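Please keep the sequence and the model in view while reading.

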Amino acid sequence: MSPLLAQLSPSVTNLIRLDHTHVLSAFHQYEIGSSDRLKRGLADSVCLAIELHTQLEEEVFYPALRVVADTEMLRKSTPEHDEMRGLIARLRAMTVSDPVYDDTFFELMRHVMHHVADEETLLLPAAERLIPEQLAELGARFNKRRLELAAPRTPELAASFARSLSAGTLLAAGGAVLAGAHLLTRHRLGERGLGLGRGRSARPI
Ligand SMILES: [Fe+2]
Ligand SMILES: [Fe+2]
């Protein structure tokens with residue numbers, strides 16, 4: 001990667017932190033007493049943001065870190081994502097009036113908060129320590145792939161976003177889904193010269 005591109009691209013660790021901030025903020029907007037329409041819109045947007053974020057981590061971030069690190073946290077990250085996907089599937093199969101809808105949403109929130117805490121205290125600092133020269137390049141790939149994954153789900157995003165906005169709520173999760181879109185031009189720069197460094201041995205974080 002050229003020094004110029006490295007300067008222009010956001011680091012993958014900061015993009016992940018930004019996604020976390022948006023999703024946690026959206027979680028905290030959910031109130032048991034809100035209308036069913038608002039709760040559904042908020043839950044749908046949070047679920048979509050989590051789905052995209054977890055897939056991006058699994059495709060772009062975790063593989064790069066696995067090359068240089070071997071840790072329990074890294075090994076359990078994808079199974080934890082699978083638990084979130086299971087809760088998301090349960091939420092989507094329910095009506096908002098289901099007696100366990102709120103509890104299921106809050107269970108998802110607890111899983112995400114726990115997982116995010118581990119990532120922010122262990123995995124992200126490890127990446128910044130072990131592969132600092134790759135972070136911008138990975139950030140460019142992360143954002144480029146986000147746009148690819150989000151594009152076919154735009155109607156879904158727009159519908160949930162509209163339900164939330166109709167109640168006068170600014171939904172941060174919608175921003176999380178599309179975060180980095182303004183960097184499209186930079187992604188296109190980033191399409192040239194991508195490729196992970198190799199040749200290191202995995203080691204404990
Ligand atoms: Fe994760
Ligand atoms: Fe994450």
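The accessible surface of the chain amounts to about 9,500 Å², and 57% of this area belongs to carbon and sulfur atoms; such areas come from the Shrake-Rupley method with a 1.4 Å probe, and for residues only the protein chains shown count as cover. The model is a predicted one, in which local features need pLDDT of at least 70 and side-chain atom pairs count only at pLDDT 80 or more, whereas totals for chains, interfaces and linings use all residues. Residues are numbered from 1 along each chain as its sequence is written, chains are lettered from A and ligands numbered from 1 in the order in which they are written, and side-chain values use heavy atoms, with hydrogens and water left out.

The secondary structure consists of 9 helices and 0 strands, where helices (H or I, at least four residues) and strands (E, at least two) are DSSP runs numbered from the N terminus. Of the 205 residues of the chain, 48% count as buried, a term for under 20% relative accessible area, with exposed meaning over 50% and partly exposed in between (1.4 Å probe, protein chains only). Among contacts (heavy atoms within 4.5 Å) between residues at least 6 apart in sequence, 84% join residues at least 24 apart.

Which residues hold the iron ion (ligand 1)? It is coordinated by Glu57 (OE), Tyr62 (OH), His81 (NE2), His115 (NE2) and Glu119 (OE), at 2.0 to 2.3 Å. Donors here are N, O and S atoms within 2.8 Å of the metal (3.2 Å for Na, K and Ca), and sites may look incomplete because water is not among the atoms.

His81 belongs to helix H4 (residues 72–93) and is buried, with a relative accessible area of 0%. Its side chain makes a polar contact of 3.0 Å with that of Tyr62. Such a contact is a pair of N or O atoms within 3.5 Å; within protein, one must be able to donate a hydrogen and the other to accept it, and residues adjacent in sequence count only if both atoms are side-chain atoms.

His20 is buried, with a relative accessible area of 4%.

Salt bridges, each a side-chain nitrogen of Lys or Arg within 4 Å of a carboxyl oxygen of Asp or Glu, number 17. In one of them, the side chains of Asp102 and Lys39 meet at 3.1 Å, N to O. Asp102 lies in helix H5 and Lys39 in helix H3, so this pair ties together parts that are 63 residues apart in sequence. Asp102 is buried at 14% relative accessible area, and Lys39 is buried at 5%. Another salt bridge joins Asp70 and Arg75 at 2.4 Å, N to O; Asp70 is partly exposed at 40%, as is Arg75 at 48%.
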